[in-house]
Amino acid sequence: MEDPFDIVILAAGKGTRMRSSRPKVLHLLCGLPLLAYPLRLARNLTSREPIVVVSHGKDEIRETFASWPARFVDQGEPLGTGHAVLAARSALSAPRFFVLPGDVPLVPPQALQTLWARHREKQALASFLTLELFPPPPYGRVIRDEGGRPKKIVEAPEASSEELAIRELNAGIWLLENHPAVWEALAQLAPENRKREYYLTDLVALLYPRVEAVLWPNPEDLTGVNDRVDLARLESLLRERILTEWMREGVTLVDPHAVYPSPDARVSPDTLIFPGTFLLGQTEIGPRCQIGPYSYLVDAKVSEGARVWFSVVEAGEIGPMAQIGPYAHLRAGAKVGARARVGNFVEVKASRIGEGAKALHLAYIGDAEVGARANIGAGAITCNFQPGKAEKFRTEIGAGAFIGSNACLIAPIRIGEGAVVGAGSVVTEDVPPYALALARSPQVVKPGWARPKEE
Ligand code: UD1
Ligand code: CA
């Protein structure tokens, strides 16, 4: 595809069949909103910004994709796929453009390349991809003439019973010339059908015989999401594709039916993944790790040989051979060093845990720097927040320091290298290296204070 082309993504429809208050293209597939898929495809094929036609839920859609390269065009009242293409006209500048439905997520770039090659070879004005499915879903039926050339598309609601028996279906993926003849044909569309919509598919009859239809052999690639049943089917299909690739690359999955990947997640060979594991966002897992069972990782980075089990990791980084869990929660900015151990109801946020450090029971570590080999006792917490103040205060714990059980470190505070904080202390002042800090009321013992009860 050497010449420049634009890409128009149709995302303005109501998505009535989803029965949802949120726009269809924001429903999630393997953790990504549906619209992310055609946007990724576009990014894959061209550096030109794709044009996204929106209407229902347009603010929510724009907000969700604010950081993506895309130009949004408002269709106003969405009156059909043909009307949507007309809405994109002023944003187009290349000599030809693809039209992608926002609700068909698994289209491979090769399908568009094949469509392009045929379209260019035949110098067509319009070309579209087709698929064969049985039993056929309510997609547009492709009617060809005796020479095999597409003559028209009949939408399912208008199709006769013979037409409904046709297996070749319109995939809704088009390549159109940005040419007066095409715009004239689009201007002639009329909403004379059951849905009272301007069907893009009527273009075929209007531009016949300068139309090409290319049958794509793998129908799964071109199936769309019209309702939640379709969504669940595509979810399991995409999941299976991603996981099959991982297994082929050397990742062990104890049960591939119980691992939930994002298409952007990466896992290195010889890692073992147990059931109940979600690897979402841009999660990256190094080699020889053990992940799961029952773990939820989003945008996490896990280095080689680390283990994460029964835990939640959100945008955290885990060093080589570190052990997270069971029941740890690493939040944004948590960086756990090599061979460190965090688990048994420990929460870590915006903190660096040094190499070989341990926080193994019921602790909260927030906005802290924990030195190498430090030991955080059961129930110890960094008190990083003072009521009435917006900022979070930092805690520094030196290498090899020992924080006793149930200690409260009131930030901002520094605990020196090798220092010891006694159990139950509420520490408000810095502790020098190798010192012992005790900040609790001394024990009082009153002999015989309680008289034994009479039987
Ligand atoms: C469409 C095709 C059908 C094809 C099927 C394949 C038409 C008339 N029908 O049917 O031939 O077999 O896709 O999946 O083209 N949209 C807008 N603005 C609108 C209407 C729709 O942007 O005014 C968007 C929708 O958000 C959706 C896409 O266009 O992303 C397709 O619309 P949809 O209503 O789902 O069409 P289908 O009934 O699936
Ligand atoms: Ca659809």
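**Pockets and cavity of a predicted model**

Q: Which elements each supply at least two residues of the lining of the largest pocket?
A: A pocket is an open set of points on a 1 Å grid over the protein atoms alone, where a 1.4 Å probe fits, with protein on both sides within 12 Å along at least five of seven lines; lining residues have an atom within 4 Å of a point. Elements are DSSP runs numbered from the N terminus: helices (H or I, at least four residues) and strands (E, at least two). The elements asked for are strand E1 (6-11), helix H3 (81-88) and strand E10 (168-177).

Q: Which element gives the largest share of the lining of the largest pocket?
A: The lining holds 44 residues, with Arg17, Thr81, Asp103, Lys195 and Asn226 nearest the pocket's centre. Four residues, the largest share, come from E10.

Q: Which residues lie nearest the centre of the second largest pocket?
A: This pocket has a volume of about 620 Å³. Its lining counts 21 residues. Nearest the centre are Tyr37, Arg40, Leu238, Ile242 and Pro263.

Q: Which elements give two or more residues to the lining of the second largest pocket?
A: The 21 lining residues include Tyr37 and Leu238. The contributing elements are H1, helix H8 (228-248) and strand E14 (266-267).

Q: Which residues line the largest cavity?
A: A cavity is a set of points where the probe fits but cannot get out. The structure holds one cavity of 30 Å³ or more. H1 gives three residues, the largest share of the lining. The lining is Tyr37, Pro38, Leu41, Leu100, Pro101, Val104, Pro105 and Val107.

How values were computed: Residues are numbered from 1 along each chain as its sequence is written. Chains are lettered from A and ligands numbered from 1 in the order in which they are written. This is a predicted model: local features need pLDDT of at least 70, side-chain atom pairs count only at pLDDT 80 or more; totals for chains, interfaces and linings use all residues. Side-chain values use heavy atoms; hydrogens and water are left out. Grid points are joined across faces, edges and corners, and a volume is the space filled by probe spheres set on the points.
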